[in-house]
Amino acid sequence: MVKNSHAKRFAKNFKTEMTMLCVFAAFFTIMGVASDHFLSSRNMLNVVSQVASNAMISIGMTIVIITGGIDLSVGGILGLSGMIGSICMVKTGNAIVGFLVIMVIAVACGCINGFLIGYIHMPAFIVTLGTMNVCRSLCYVISDANTQSGFPESYKFIGKMKIGGVIPNYLVFMIIMFAIFIFVLQKTKMGRYLYACGSNADSAMLSGINVKKTVCLAYIISGMMCGLAAWIMTSRMMACDPTYGNGAEMDAIAAAVIGGTSMSGGRGTLWGTVVGVFLVGFLRNALNLLGVNPYWQGSALGAVIIVAVLAERISNMKNRN
């Protein structure tokens, strides 16, 4: 009886995650038959390398959405922090300086978002939309629309080097970051506070939770994850282009929503986001392999987001009835 009750509770709590995992498995099977190249080790590694940066951003996006917010500035922060860090690294010839500058700029942008949203109570949509445009504009102004390259060889550590010549460092780092924040959300007081703020901010405040501080922290974490994404992307490419991060917010939101994170806040897991990240990555990859016009790929991803949100709403309506 105890085992059955645990199984029922697990099925209820992770219903969306398990459903999307089944969808992912079915998608994998269909594409394995449709394309001879899809299941090749080279293609698998290619997709993993492409989703590594999005995985970092998606962690931060999931945390922000859990609080009932949204962060549209993630792509802009990635681009700006990566560009400023790259310029400093080229001028100093020091990879550590480049990394530190990337992280400082990204966290500073997150702090600005967090302060305006958490403490000033400005709408998250408006604040992050504004930050996105400011960061994107500054990225082009600072770089004069030029690509930065000529990084120190040591900067290849996270993006190109492999453990034992087989496992990419960024894959190990991605797993570690997911593990850390899964633990934070599920096992720590801060995680409970984040969920409480997203479920009902007023009730959370009456319970003694510092809602302003908690919401601010969510955006700081999102900014930090953008910095890590910029680090991985610039290291993998050994260059930084002003276009880096364009559209990243769409993929991050898609990964979180597909993984079961409620846009209303208060519900979602990073387990689901893991599935969402890879489903989005392999969906884009599949469309390329099948020769689908690139202009249609945005439509496909947008449709997937709408279907995921619609499914969540229908599920909530059934639960109420």
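Buried means under 20% relative accessible area, exposed over 50%, and partly exposed in between, with a 1.4 Å probe and protein chains only. Helices (H or I, at least four residues) and strands (E, at least two) are DSSP runs numbered from the N terminus. This is a predicted model, in which local features need pLDDT of at least 70, side-chain atom pairs count only at pLDDT 80 or more, and totals for chains, interfaces and linings use all residues. Residues are numbered from 1 along each chain as its sequence is written, and side-chain values use heavy atoms, with hydrogens and water left out.

**Exercise 1.** Determine how many residues of H11 are buried, and name them.

*Solution.* Step 1: H11 is mostly covered, with 10 of its 11 residues buried. Step 2: the buried residues are Ala248, Glu249, Asp251, Ala252, Ile253, Ala254, Ala255, Ala256, Val257 and Ile258. Step 3: after H11 comes Gly260, which has a positive phi, near 100 degrees.

**Exercise 2.** Describe the lining of the second largest pocket.

*Solution.* Step 1: on a 1 Å grid over the protein atoms alone, a pocket is an open set of points with protein on both sides within 12 Å along at least five of seven lines, whereas a cavity is a set where a 1.4 Å probe fits but cannot get out; lining residues have an atom within 4 Å of a point. Step 2: the second largest pocket has 22 lining residues, and Gln50, Asn54, Met233, Asp251 and Arg284 lie nearest its centre. Step 3: helices H3 (41-66), H10 (211-237), H11 (248-258) and H12 (270-289) are the elements that each give two or more residues to this lining.

**Exercise 3.** Identify the residues that line the largest cavity and the element that gives the most to the lining.

*Solution.* Step 1: the lining consists of Ile182, Leu185, Gln186, Tyr195, Thr269, Leu270 and Trp271. Step 2: helix H7 (169-187) and H12 each supply at least two of the lining residues. Step 3: H7 gives the most, with 3 residues.

**Exercise 4.** Locate Ile59 within the largest nonpolar core and list its contacts.

*Solution.* Step 1: a nonpolar core is a set of buried Ala, Val, Leu, Ile, Met, Phe, Trp, Tyr and Cys residues joined through side-chain atoms within 4.5 Å. Step 2: the largest such core has 94 residues, and Met56 and Ile59 have the most contacts inside it. Step 3: H3 gives the most to this core, with 14 residues. Step 4: leaving aside neighbours within four places in sequence, Ile59 is in contact (heavy atoms within 4.5 Å) with Met177, Phe178, Phe181, Met225 and Leu270.
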